[in-house]
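The sequence and structure come first.

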Amino acid sequence: MVKSPSSRRATVRPEGDLESPEDVEQLVKTRERVKVYGEVFTPRRMVHQMLDLVSDELESAPGFVDKTFFEPAAGDGNFLVAILQRKLDAIEKTFPAERWPTESLFAIASIYAVEFLPDNHELAQASMLNLFAHFHERTGTPVDQSTDLWLAAGYLVHANILLGNTLTSQTHDGEDLEFSWWNRIDDVTVQRDPFTLASLRGASSGAFDFTIYETYKPCRIDQVHTGVSH
């Protein structure tokens, strides 16, 4: 079950802005969290150095918008935000303005993650949505909680950025972590195909997944939040 988009808005520093003294990165929240969870955040500079290694796939290769990325330990979303920022920047440079809304939704649909800690998970989702809204506000497209653009983006974020344990492929309630493959049919249409994280591991070892998943009709990507299934 995908929850409704959160109204929480995280503060995301637009790429290229200079850091202020108040914007010093927090790489460790508490010593206790480091001890119990091994939680240390990747510095922003290192995030971008790592993404530079796959910049072609992110920003210029054929089909770059739909190239998928999976973050197994999302933290507060620093990698997710950086990936989405690069894709949005490339979309703005590559496509005409009338395609930015749908292409930006396909960009969100290509980014997957799991986070173990609830506060980090909430912040990662909120940061993704805030960046998405900032992009469209800056480029003159209305986006608020009453628009299909916002509702679809929120639905995709909540479907793709999950709370759970990557090592066990389960939620904290013991349910399988279930993602969806958002198969692009054309410029605006998507076919949603659910799968579990565990099934990916099974496929890599030659095991078959006989689970029967809910099936969805193809729809416009800005209508995915309507949840039409059959």
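In helix H2 (residues 44-52), Val47, His48 and Leu51 are buried, where buried means under 20% relative accessible area with a 1.4 Å probe and protein chains only. Viewed along the axis of H2, these buried residues fall within an arc of 90°, so they line one face of the helix; the arc is that of the directions from the helix axis to the C-beta atoms. An α-helix has 3.6 residues a turn, so residues three or four places apart point the same way. The buried residues of H2 pack against helix H3 (55-59) and H4, contact being heavy atoms within 4.5 Å.

The model is predicted: local features need pLDDT of at least 70, side-chain atom pairs count only at pLDDT 80 or more, and totals for chains, interfaces and linings use all residues. Residues are numbered from 1 along each chain as its sequence is written, and side-chain values use heavy atoms, without hydrogens and water.

Helices (H or I, at least four residues) and strands (E, at least two) are DSSP runs numbered from the N terminus. Three strands form an open, parallel sheet in the order E1-E2-E3, and two strands pair if DSSP finds at least two bridges between them. Strands E1 (69-71) and E3 (161-163) are the edges, each pairing on one side only. Strand E2 (residues 111-115) is joined to E3 by three bridges, and valine 114 stands opposite leucine 162 in E3.

Two helices lie across strands of this sheet. Their angles are between N-to-C directions, from 0 to 180 degrees, with axes fitted to C-alpha atoms, for helices over the stretch in contact.

| Helix | Lies across | Angle |
|---|---|---|
| H4 (residues 78-94) | E1, E2 and E3 | about 170° to E2 |
| H6 (residues 118-138) | E2 and E3 | about 165° to E3 |

Terms used
Buried means under 20% relative accessible area, exposed over 50%, partly exposed in between (1.4 Å probe, protein chains only).
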